[in-house]
Amino acid sequence: MDPNQPPATGTSSDPVFIPPVANRKAPGIMSPKKMIIAIVALSLAVILAVGMLLMSRTTDPVDDVATLNAQMQNLVTISTQARKSARNADVAKASIDAATLLIGDASNLATVTKGIKVKATITASVKSEYDPIIKDIKSAGIDGRFDRVFVPIFIDKVESVQRQAKIVHGKTAQPALKAAVSITYDHLTAILATFKAIDVDSL
């Protein structure tokens with residue numbers, strides 16, 4: 001052996017060390033963690049989209065609510081007038097009971113819709129519809145025709161308000177408003193039954 005030659009570090013039979021190579025991920029395949037995050041994000045997006053769709057279909061009908069409130073207030077006015085002017089005992093009792101229910105229902109509706117901004121044109125439109133009616137029943141009270149004039153007019157107006165209540169109930173998304181309108185509708189149904197049972201021809 002040449003004394004100037006460096007000593008051998010190993011022989012051909014020694015094992016060769018090969019450093020580990022990191023596992024390569026197949027292109028296009030996400031890790032389980034990223035996949036879970038993607039699924040959750042997609043689910044939230046779907047839920048949000050469905051929620052927005054439902055909200056768009058159940059947006060509170062502001063104009064319809066305002067119309068219902070205005071109609072109820074005018075029904076209160078004419079039923080209160082009937083309490084003072086009715087001469088027939090059946091009409092007087094029916095009017096008192098109706099006014100009591102309508103006053104409570106109008107108050108409840110006003111409370112649950114307090115935050116709704118009412119267009120002045122809607123209130124004015126409903127008022128213009130009821131002003132001639134109020135004038136007619138007041139005149140009928142003076143000349144002794146009140147009961148005969150009031151009953152058919154009141155039935156017609158209660159039916160009109162009942163239809164409006166049904167519209168609001170079908171459109172609103174607010175549970176409190178739905179409940180208030182439902183109670184109002186039931187009361188209007190009871191009022192109608194009472195007044196329709198009165199024989200107008202005998203008044």
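Start by selecting Lys157: this residue is buried, with a relative accessible area of 10%. Buried means under 20% relative accessible area, exposed means over 50%, and partly exposed lies in between (1.4 Å probe, protein chains only).

This is a predicted model, in which local features need pLDDT of at least 70, side-chain atom pairs count only at pLDDT 80 or more, and totals for chains, interfaces and linings use all residues. Residues are numbered from 1 along each chain as its sequence is written, and side-chain values use heavy atoms, with hydrogens and water left out.

**Stop 1: the partner of Lys157**

A salt bridge here is a side-chain nitrogen of Lys or Arg within 4 Å of a carboxyl oxygen of Asp or Glu. Side chains of opposite charge can pair when their charged atoms come close. Lys157 sits in helix α5 and Glu129 in helix α4, so the pair links distant parts of the chain, 28 residues apart. Is Glu129 buried or partly exposed? Glu129 is partly exposed, with a relative accessible area of 33%.

**Stop 2: two further salt bridges**

Now select Lys196 and Glu159. They form a salt bridge, and their closest N and O atoms are 2.9 Å apart. This pair also links distant parts of the chain: Lys196 is in helix α6, Glu159 is in helix α5, and 37 residues separate them. Lys196 is partly exposed, at 49% relative accessible area. Glu159 is partly exposed too, at 24%.

Next, select Lys127 and Asp131. Their side chains meet in a salt bridge, 3.0 Å from N to O. Both residues lie in helix α4, 4 residues apart, which is about one turn of the helix. Lys127 is partly exposed at 45%, and Asp131 is partly exposed at 33%. How many salt bridges are there by this rule? The count comes to 6.

**Stop 3: the whole chain**

Zoom out and switch to a cartoon view. The chain has 6 helices and 0 strands. Helices (H or I, at least four residues) and strands (E, at least two) are DSSP runs, numbered from the N terminus. Along the sequence, the pattern reads α-α-α-α-α-α. Of the 203 residues in the chain, 32% are buried.

**Stop 4: α2 against α5**

Select α2 and α5. They pack at an angle of about 155°, and their axes are 10 Å apart. Axes are lines fitted to C-alpha atoms, for helices over the stretch in contact, and angles run from 0 to 180 degrees between N-to-C directions. The two helices are therefore roughly antiparallel to each other (angles over 145 degrees count as roughly antiparallel, under 35 as roughly parallel, 65 to 115 as roughly perpendicular and the rest as oblique). Contact means heavy atoms within 4.5 Å. Residues making this contact include Leu68 and Leu75 of α2, and Phe150, Phe154 and Lys157 of α5.

**Stop 5: the largest nonpolar core**

Now select Leu68, Leu75, Leu102, Phe150, Phe154 and Phe195. Among the 40 residues in the largest nonpolar core, these touch the most other members. A nonpolar core is a set of buried Ala, Val, Leu, Ile, Met, Phe, Trp, Tyr and Cys residues joined through side-chain atoms within 4.5 Å. Which helix gives the most to this core? It is α5, with 10 residues.

Finish on Leu68. Not counting residues up to four places away in sequence, Leu68 touches Leu109, Val161, Gln164, Ala165, Val168 and Val181.
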